[in-house]
Amino acid sequence: MNNNLSSLQVKDIGEQGLLERLQRFCPPDVIGDDAAVLTTNPNKSLVVTTDMLVDGVHFSDVTTSPEDAGWRAAAANLSDLAAMGAFPLGITVGLGLPGDISVNWVERLYQGMTECLQKYNVPIVGGDIVRSPITTLAITAFGQATPDFIIRRSAAQVGYAIVVTGIHGASRAGLELLLHPEIGQNLKTEEKAALITAHQRPNPRLDVIPILKEILISPCPIPIAGMDSSDGLADAVLQICRASHVGAVLEYSQITIPKAFEKWLTAAQAREYTLYGGEDFELVLCLPQDTAETLVKQLSTDAAIIGTITPDLTVLLHDQNQKIPDQILSLNQGFKHFTK
């Protein structure tokens, strides 16, 4: 790599110079006006979501390369679209940057975003850049959904099964391994790599949506509740129940715990990572039992039915193997902004 290029800073080329460099990540026929124009099909709904990442809160040079930060930022927004039952159309990117940040760092950030987006044929269609004392990345993603097939948190009904599309806790474990490499001495190289990849390169579950739509072919599709698990498995279930004015019983023995956890975590730590770790970007869906069983069969082996929606307003964690006592779950647990 040319040292002169890698040492070039944003303040050396200014906003327009940086924009020129970043426009190559966008389709040329979209960039140039004051706003992007995205064509949607008739009888479709436009779905919009925004997510922010801040240096020192969501990523750091200790655990995340610029490419990985870009990937995770894109994945977080695509995951929100998947949680609504939408297919992505494009994203815009807002950047707050210190003037002395490396141009190379910013380009590598965009390269990571592009690597994630290309998997789903999603373009970067615009954005904005401002000076900021802290590196901040704000992405707005646009998606398209069929009006009668939009997944909402408020649609859970008593008797519905609760489905997770994959395992939880791996991202949190990967973060801990990056922060404290010495704690993973009992893990095989491939086990450690898998957990770290889960944190640095999560995959939004857009693949679930066409499978779910195929299962639900009907003149009048049944309502489905759901959201993604970016803030943790327990948080997702609690948020759905609160929006739907229902409760739930989660069967802990049905929740898949990564086998690698047994080698370096206590049972309590494994439970904490699984329920509250966050940033796994799986989907948590509530739907009728027979539909849930069909969906799980068509997804990977990590998908599972983990509980049932109840008329109570509490979310109970139960273990039929009686290894842990019953526990009422709360939104006060897990990571929250603005709290210690």
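Reader: Why are helix 8 and helix 9 called oblique to each other?

Author: In this predicted model, helix 8 (residues 233-244) and helix 9 (residues 267-276) pack at an angle of about 45°, and their axes are 4 Å apart. Angles under 35 degrees count as roughly parallel, over 145 as roughly antiparallel, 65 to 115 as roughly perpendicular and the rest as oblique. The two helices are therefore oblique. Axes here are lines fitted to C-alpha atoms, for helices over the stretch in contact, with angles from 0 to 180 degrees between N-to-C directions.

Reader: What makes the contact between helix 8 and helix 9?

Author: Helix 8 contributes L233, A234 and D235, and helix 9 contributes T274, L275 and Y276; contact means heavy atoms within 4.5 Å. By class, this contact has 4 nonpolar, 1 polar and 1 charged residues. Ala, Val, Leu, Ile, Met, Phe, Trp, Tyr, Cys and Pro count as nonpolar, Asp, Glu, Lys and Arg as charged, and the others, Gly among them, as polar.

Reader: Why is T63 called buried?

Author: Buried means under 20% relative accessible area, exposed over 50%, partly exposed in between (1.4 Å probe, protein chains only). T63 has 7%, so T63 is buried. T63 sits in the loop between strand 1 (45-54) and helix 3 (66-83). Residues up to four places away in sequence aside, T63 touches L175, L178, L179 and Q200.

Reader: How do you know whether E107 is buried or exposed?

Author: The relative accessibility of E107 is 16%, so E107 counts as buried. E107 belongs to helix 4 (residues 103-118). Apart from neighbours within four places in sequence, E107 is in contact with R21, R24 and F25.

Reader: How do you know that the radius of gyration agrees with that of a compact globule?

Author: The radius is taken over C-alpha atoms, and the globule rule is 2.2 Å times the number of residues to the power 0.38. For 340 residues a compact globule would be near 20 Å, and the protein chain has 21 Å, so the value agrees. Along the principal axes, the C-alpha atoms fill a box of roughly 60 × 55 × 35 Å. Buried residues make up 50% of the 340 residues.

Reader: How many helices and strands does the protein chain have?

Author: The protein chain has 10 helices and 11 strands. Helices (H or I, at least four residues) and strands (E, at least two) are DSSP runs, numbered from the N terminus.

Residues are numbered from 1 along each chain as its sequence is written. Local features need pLDDT of at least 70, side-chain atom pairs count only at pLDDT 80 or more, totals for chains, interfaces and linings use all residues, and side-chain values use heavy atoms, with hydrogens and water left out.
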